[in-house]
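I opened a new notebook page for this one. Here is what I looked up, entry by entry.

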Amino acid sequence: MKVTKALMPTLRDVPAEAEIVSHQLLVKAGFIRRNAAGIYSYLPLALRVLRKIETIVREEMDRSDAQELLLPIMQPAELWSESGRWDVYGDEMFRLKDRHNRDFCLGPTHEEIITDVVRGEVKSYKQLPMNLYQIQNKYRDERRPRFGLMRGREFIMKDAYSFDRDSAGLDDSYQTMFDTYVKIFDRMGLDYRPVEADSGAIGGDDTHEFMVLAENGEALIAYCSSCSYASNVEITEINDTAKEKLSEKPLLKVATPDKKTIEEVAAHLEVPQDNTLKTLVFDADGEKIVVVIRGDRILNEIKLKRLLKTDFLEKADEESIQNLFNCDPGYISPLGINEITVYADNEVKYMTDAVCGANEEGYHYLHANTDRDFGEMTFSDLREVVEGDLCPKCNEPLIFARGIEVGQVFKLGTKYSESLSAKYLDENGKEQIMVMGCYGIGVSRTMAACVEQNYDDRGIIWPKEIAPYQIVVIPVQTNDELQYTEAEKIYKELLAKGYEVMLDDRKERVGVKFNDADLIGYPLRITVGKKIADGIIEYKERNQSESEQIQPDELYDKIATFFKK
Ligand code: 9G3
């Protein structure tokens, strides 16, 4: 391709709304253009990258014996009513009516559609397991679409759905998809981690998110400095080792007038915050509960919801706390509580000399000892993990990192096969419900995530596996007969050898050509300048700082080596 013919509108500056690097660079380098909030055109360079990502996804999915199909974007509301989800997703779902006034949505995901297809076509255990996937546009009306392709309202997803006889079969399908994702993201040259994640469903099954590590990532993950453990901090388990029992002193009531927050109480009593107890009151599914954690810790409400097996959890309001304890929330504690269920984080179990509320306005107690002074408590891992907490698998310190979720694998179980009656006949002719898994990869998001991980102050540095073109050939003086014909000769040779080559044939200063080449991020740049008269050309890899002077006939072996690596 020649630059003078190509649609690749590089810019000097980027629009203000581009906040993160990948959004800025994809716009500046002429890859994407915004048509509306969260809706983009993929210009030729972007489409070439997308197609390469899709090819890697397809090759590995097909290798896992998954079968590609293509499902409709327009989905009839009836299916979503059958699954009970038509009314679950409010404004996030794009809804429309056809000319007969029938309800449809633009597919945000395809569990209902794929289950409808399978329930009509798969009847026997002999046909299972079956894994079907597509690469298709998805539509979700994000309240705040931003970060370019990272959080769009129309995006491209590979979504796969596995159908098995039973949960043992699902475990195999899940593992197969997990291993396939590892191959896919390895081939893309991404630095990523599969992390244990929150399944969202009440007491749901396994789920893993594939996170590309990047400081602009929206997710926070904790990974182990020495073993492969990694998890979304929402669910990072914490190993609480027993603390040594401090001396036991009798409870001592002290005045703490107008000292309500942990900070104020700790400062007033001159005790460290990790030696105080925080007591919280919640309304869980209509029942009042009390939760106790160390004063310097943060309660992890996702862990609490999983423990209580409910999604309906909210902080009790001040008034109901007053009714329960006859004092301000800042002075409450588990002392003397016996008619309300008390949950406590594991750390609380070992506390023997803590400060806690006196359940009396203006007073706290010193030397509270959990074993001695508090009634029945249900202990569990309830706190937010902090960096440096010990890995639940090997006790080495955990490291925090931000991540961009580019893939996720879920065990769905029978959630959709039950509601949509996707059944098969087993060996004994008995009807059984299929067991499903679903597996997503954000294809367009992966392109942006790749930029977040591969750029410098000059622009994008595409991994060679997914670069829009492999090589750019630049004649320094396009007017110079020798330079241009030699450059064009190399260009044609490389095309003939099957490389994807761009020839910058513009009558521009070489500085402009170099800047564009580095901004667009071609993995390899070949420059033909004055020295061609002495049989010398310049060879430069985008992710190397130095260029090399070589002879034209050395070029082809060098390039073959570079792309074979
Ligand atoms: C909706 C809307 C938004 C949604 C969903 C449904 C997320 C929805 C979860 C999934 C789970 C997996 C298959 C591929 C991998 C992810 N946002 N999810 O179900 F109606 Cl508006 O999509 N689906």
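**Ground rules.** I'm working with a predicted model, where local features need pLDDT of at least 70, side-chain atom pairs count only at pLDDT 80 or more, and totals for chains, interfaces and linings use all residues. Residues are numbered from 1 along each chain as its sequence is written, and side-chain values use heavy atoms, with hydrogens and water left out.

**Ligand shell.** How many residues surround the ligand? I found 16, and the closest are R85, P108, T109, E111 and R140.

I then sorted the shell by type: eight nonpolar, three polar and five charged. (Nonpolar means Ala, Val, Leu, Ile, Met, Phe, Trp, Tyr, Cys and Pro; charged means Asp, Glu, Lys and Arg; the others, Gly among them, are polar.)

Strands β8 (154–164), β21 (398–413) and β24 (435–442) each supply at least two shell residues. β8 gives the most, with three. Strands (E, at least two residues) and helices (H or I, at least four) are DSSP runs, numbered from the N terminus.

**Polar contacts.** I looked for N or O pairs within 3.5 Å. R85 has a polar side-chain atom 2.8 Å from a ligand oxygen. T109 puts a polar side-chain atom 2.9 Å from a ligand nitrogen. For E111, a side-chain N or O atom is 2.6 Å from a nitrogen of the ligand. Taken alone, the ligand exposes 510 Å², and the protein buries 89% of that (Shrake-Rupley areas, 1.4 Å probe).

**Helix packing.** I checked α2 (residues 44–63) against α5 (residues 167–187): their axes are 9 Å apart, at an angle of about 150°. Axes are lines fitted to C-alpha atoms over the stretch in contact, and angles run from 0 to 180 degrees between N-to-C directions. So α2 and α5 are roughly antiparallel (over 145 degrees).

α2 also meets α11 (residues 443–453), with axes within 10 Å and a crossing of roughly 110°. That makes α2 and α11 roughly perpendicular (65 to 115 degrees).

Most residues other than glycine have a negative phi, and most peptide bonds are trans. Where did I find a cis peptide bond? One joins L128 and P129, with omega about 0°. P129 sits in the loop between α4 (111–121) and β7 (130–139).

F147 is not a glycine, yet its phi is positive, about 60°. I placed F147 in the loop between β7 and β8.

Terms used
A residue is near a molecule or strand if one of its heavy atoms lies within 4 Å of it. A polar contact is a pair of N or O atoms within 3.5 Å; within protein, one must be able to donate a hydrogen and the other to accept it, and residues adjacent in sequence count only if both atoms are side-chain atoms. Angles under 35 degrees count as roughly parallel, over 145 as roughly antiparallel, 65 to 115 as roughly perpendicular and the rest as oblique.
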